[in-house]
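Please walk me through this structure in plain paragraphs.

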Amino acid sequence: MMRNSSFSNIASILLTTSLVLVLVTYNVSARPATFLEDFRVTWSDSHIRQIEGGRAIQLLLDRNSGCGFASKKQYLFGRVSMKIKLVPGDSAGTVTAFYMNSDTNTVRDELDFEFLGNRTGQPYTVQTNIYAHGKGDREQRVNLWFDPAAAFHTYSILWNHHHIVFYVDDVPIRVYKNNEAKGIPYPTRQPMGVYSTLWEADDWATRGGLEKIDWSKAPFLAYYRDFDIEGCGVPGPANCAANRANWWEGTAYQALTALEYRRYKWVRMNHMIYDYCTDKSRNPVPPPECVAGY
């Protein structure tokens, strides 16, 4: 028994050491991100308040300013997620955004969650968009099936060599496949930072700009917590992004599971209100990624 116990202890130590080495080698996050350690304020720091020891923050929008923050590092492939509680009540004209951006101009890559405010009693709309090699205009809109201002919900972006998936509480609402082999742009070369903003956009955000912001309801508040970034940090080991052993590149993450696909179809059938692929006024000929399939 002593011999078996010793062997077990040694094996456990070796396994733990191996895991640590893997995490260090490929620069994969081994802990939950915190605002203090992993993010910086990008504008109007007076409108961002840290709470819960930096594990959560409050964003504020008033007549003077909105605000924003960003990760200190950029990442090339991986998964990012945050729990967000959106602006409650009459939030028309406000936009709460959570996105990834390469911070480049003409060849920008970007993956967007934009939460479009509403008049009280109307559903909250989430708009997603994808920029690849400088080309965007790939908007889709989904009405959320719950009140995202009543409690925290998890919003995630999975980005690997096979596809990009936007998740709401583990329910996929958008999939963009890597069809580079067919000549369709896909973000594979530029690392992206993680960003969030709360700002006023009543010229377009709510019912195409028909519903204006009611400043008598200000300040508008949104809350973030449980930041999670798992990916290849840049700068970091050069071989990380190409390593197919990263968990997000594994077989289980190369396509939707059967359950995920059923949930995805349910969202698109029951809650999607706009898809650029089917907008004949904008795209008389469907864009190539729409023909290639999701």
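Tyr186 is buried, because its relative accessible area is 0%. This is a predicted model. Tyr176 is buried as well: its relative accessibility is 4%, under the 20% cut-off for that label.

A search of the whole structure turns up 22 aromatic pairs. A pair of aromatic rings is described by the distance of the centres and the angle of the planes. Take Trp145 and Phe146. Their ring centres are 5.5 Å apart and their planes stand at 90 degrees, so this pair counts as edge-to-face. Trp145 has a relative accessible area of 29%, so this residue is partly exposed. Phe146 comes out at 19%, and is therefore buried. The cut-off for buried is under 20%.

Tyr176 and Tyr186 also form an aromatic pair, and this one is stacked. The centres are 6.1 Å apart, with 5 degrees between the planes. Where do Tyr176 and Tyr186 lie? Tyr176 is in strand E11 (residues 171–177), while Tyr186 is in the loop between E11 and E12. The pair therefore ties together parts that are ten residues apart in sequence.

Ring pairs can also build a cluster. One links Phe35, Phe39, Phe69, Tyr224 and Phe227. Phe69 turns up again in the nonpolar core. The largest such core has 60 residues, and Phe69, Phe113 and Tyr155 are those with the most contacts inside it. Strand E4 (residues 67–85) gives the most to this core, with eight residues. In soluble globular proteins, nonpolar side chains tend to be buried together.

Charged side chains meet rings too. Lys85 lies over the face of Tyr223, at 5.5 Å from the ring centre. Arg108 lies over the face of Tyr131, at 3.9 Å from the ring centre.

Now turn to Thr197. This residue lies in strand E12. Is Thr197 buried or exposed? Its relative accessibility is 11%, so Thr197 counts as buried. Leaving aside neighbours within four places in sequence, Thr197 is in contact with a set of residues that includes Trp43, Leu59, Cys67, Gly68 and Tyr224. Tyr224 also belongs to the ring cluster. Thr96 is another contact of Thr197. Thr197 and Thr96 are 101 residues apart in sequence, yet 5.8 Å apart in space, C-alpha to C-alpha. The side chain of Thr197 also makes a polar contact of 3.4 Å with the side chain of Trp199.

Asp228 is found in strand E13. With a relative accessible area of 18%, Asp228 is buried, because the limit is under 20%. Which residues does Asp228 contact, leaving aside neighbours within four places in sequence? They are Ala33, Arg79, Val80 and Ser81.

Glu211 sits in the loop between strand E12 (192–200) and strand E13 (220–234). Its relative accessibility is 13%, so Glu211 counts as buried. What does the side chain of Glu211 join through a polar contact? The partner is the side chain of Arg119, at 2.9 Å. Beyond neighbours within four places in sequence, the contacts of Glu211 are Ala92, Gly93, Arg119, Gln122, Asp202 and Thr206.

How values were computed. Residues numbered from 1 in each chain as written. Predicted model: local features only at pLDDT ≥ 70, side-chain atom pairs only at ≥ 80, totals over all residues. Heavy atoms only, no water. Helix = DSSP H or I, 4+ residues; strand = E, 2+ residues; numbered from the N terminus. Buried < 20%, exposed > 50% of the residue type's maximum accessible area, 1.4 Å probe, protein only. Polar contact = N/O pair within 3.5 Å; in protein donor to acceptor, adjacent residues only side chain to side chain. Contact = heavy atoms within 4.5 Å. Core = buried A, V, L, I, M, F, W, Y, C linked by side-chain atoms within 4.5 Å. Phe/Tyr/Trp six-rings, centres within 6.5 Å; stacked < 30°, edge-to-face > 60°. Lys NZ or Arg CZ within 6 Å of the ring centre and 35° of its normal.
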